[in-house]
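Hi,

Here is the structure I said I'd pass on.

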Amino acid sequence: MSRRPGPRKRGPTPMSENGAAAGGDTAETRALVLEHIRSDHNFVLATHENMDGDAIGSLIAMQGLLTALGKDSLMFIPAGELPLPIEYRFFTLDRVIEAPPADIAQRTVVLLDCGNIDRNSAGVLRDGAHLLNIDHHHDNTRFGTLDYVVADASCTAEIIWDLAHGLGVTPTPAIAEALYVGLVTDTGRFMYENTGPRAHVMAAELIAAGVDVQAVYRRLYEETPYAKLALLALGLGQVRRFDSGELTLAFLSAEDFRRAEAEDSYSEGIVDHLRAVQDTKVAALVRELTAEERRGERKVSLRAVDDDVDVSVIARAQGGGGHRRAAGFSTTLEPEELIEFLRREIAAQLLADPGRSVAPAPA
């Protein structure tokens, strides 16, 4: 990003914590975030584990913004998160660290797109001079010394875009591309319910700044390794359905990843195929983690088709979190115990008959 010369063009209406025009306390929170960015000099940035497009895009965009402002900024990415998932490896990562810096107490820590620091490797950065929590998850646990949670923003990248306007800077093509990746992935290519007018205004501005939409689309969705396709085939071959299809679920074992010669991140997107099945209320992809130190642990990705079920509530019951229609958690529950838990939680939200059986009964 670079400074705008002379008078700044009118940007989008400043955001509040509920996505409306900023006013009152929320305007003060935004102003405090902007003041920290202007006045503090040393930063370290981080995001949640198992980074997705919004996390990566927001991280890289904020790094670019701070660098353009002349700040000393580092990006904390644990070794286990590298290399990035294959669809994001076109990004250039500048000034990455894999452990807390020695001068952490003199740095302002910025946590991006991170709803809960307690179950996250970014928790090792708690000792910063300040902890700015910038996020759009409605169930954010407000762990920062300053929390700026804009629940109605389409993505955290949208919040960074808004802050850039507040700082009087404009995106270079590289920063615009990072923001666009965050936007397009977290809105499901502008198809999810979180896609509002601001998301399209943001997209238009980023495209004008130099984003090559076709190139981004191909990198994210069309340059698929064969191993990812093989893993998708294994996952779709193991679909199970329960309660007249209300729960559509698939398991992927560590052996499935070995058979497909697939990386952990190659499971991204499989749950969306399950979500698209007719009569589904909740789709779940359960994958066994392949790292030796996490043997016996499973990662559960949940997607809701509509607002009848809030999957973030289900995820929080197991120590996870997320959005109303997209959430996740990690668990050591055995498969049948996990299925029982999911069916019970879904039924409770759907106000099903209390006498309804919860014995495994695939549709």
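Residues are numbered from 1 along each chain as its sequence is written, and side-chain values use heavy atoms, with hydrogens and water left out.

Confidence first: pLDDT is the predictor's confidence in each residue, from 0 to 100. The protein chain averages 89, and 90% of the residues score at least 70. Residues 16-24 stay under 50, and so do residues 352-363. Where pLDDT is low, the predicted coordinates should not be read in detail.

Five of its five residues are buried, so S5 is largely enclosed by the rest of the structure; buried means under 20% relative accessible area with a 1.4 Å probe, protein chains only. Thr 108, Val 110 and Leu 112 cover one side, with Val 109 and Leu 111 on the other. S5 pairs in the parallel sense with S2 (residues 42-47) over five bridges, and pairing takes at least two DSSP bridges. Leu 45 stands opposite Val 110. Five bridges also join S5 to S6 (residues 130-135), again parallel, with Leu 131 as the bridge partner of Val 109.

Cheers

Conventions: This is a predicted model: local features need pLDDT of at least 70, side-chain atom pairs count only at pLDDT 80 or more; totals for chains, interfaces and linings use all residues. Contact means heavy atoms within 4.5 Å. Buried means under 20% relative accessible area, exposed over 50%, partly exposed in between (1.4 Å probe, protein chains only). Helices (H or I, at least four residues) and strands (E, at least two) are DSSP runs, numbered from the N terminus.
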